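Subject: Structure for your files

Hello,

Here is the structure I said I would pass on. My notes on it follow below.

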Amino acid sequence: MNLKAILFSFGLLSSIYCRCQISMTAGADRLLNYTEQHITEVAEAMPESRFDFTPDSLNIPGSEFKGVRSFSGQIKHLATDNFFIWSSITGDNVPAGIDDVNGPANLKTKAAILSYLKQSFAVGHKAIATLSTNNAMDLIDFRGRKLPRVDLAFYALTHANEHYGQLVIYLRMCGIIPPASRPDRPQ
């Protein structure tokens, strides 16, 4: 093989390697943007007067909603777990006042809870920006186990989407069409 062929091959492989690294991070960030947008829109769609709604208050025959989180409790929990998961990836400390997965008890207003939610997603974007093909499989301590960095990112995204589904149902139980399902939503 001549020198030109070797240099060409090296350049091609380097290009592919760089694209994979950029693609993984960019792809994960696109998914987080999508998830963040939908969850934030749902949270903003619920009127503050219904922010403490729980399905238990509807007394649906045959249902079992005793002890479920309120709408605001769902958001606070999701944001809190975002902080725990994403901060494990970045190595940052979680914000003060977080004692358990239910979030700070002093957050009561819709504005304060939305701000907390948005801050948690900002940590997510910071964490995803640290992902690379070189460190994706690095093991991180999380809740008594060692997990690959990329697994934690997938877990955070999956967990957020699980709560998105619950939040959508809560909205519909309150007679509100979720923003992503509205017929006038731009495609």
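**The hairpin**

Strands β1 (residues 139-142) and β2 (residues 145-148) run antiparallel and are joined by four bridges; two strands pair if DSSP finds at least two bridges between them. This is a predicted model, in which local features need pLDDT of at least 70 and side-chain atom pairs count only at pLDDT 80 or more, while totals for chains, interfaces and linings use all residues. Residues are numbered from 1 along each chain as its sequence is written, and side-chain values use heavy atoms, with hydrogens and water left out.

The two strands form a hairpin with two residues between them, and R143 in the turn has a positive phi of about 50 degrees. Buried means under 20% relative accessible area, exposed over 50%, and partly exposed in between (1.4 Å probe, protein chains only).

**The chain overall**

The chain has four helices and two strands, in the order α-α-α-β-β-α along the sequence. Helices (H or I, at least four residues) and strands (E, at least two) are DSSP runs, numbered from the N terminus. Of the 187 residues in the chain, 41% are buried.

Helix α4 covers residues 149-173, which is 25 residues, and reaches 37 Å from its first C-alpha to its last. The expected figure is 36 Å at 1.5 Å a residue, taken as 1.5 Å times one less than the number of residues. Just after α4, G175 takes a positive phi of about 80 degrees.

α2 and α4 pack at an angle of about 175 degrees, with their axes 10 Å apart. Axes are lines fitted to C-alpha atoms, for helices over the stretch in contact, and angles run from 0 to 180 degrees between N-to-C directions. The two helices, α2 and α4, are therefore roughly antiparallel to each other (angles under 35 degrees count as roughly parallel, over 145 as roughly antiparallel, 65 to 115 as roughly perpendicular and the rest as oblique).

**S87**

S87 is found in helix α2 (residues 71-90). S87 counts as buried because its relative accessibility is 4%. Leaving aside neighbours within four places in sequence, S87 is in contact (heavy atoms within 4.5 Å) with N82, D92, N93, V94 and V123.

Regards
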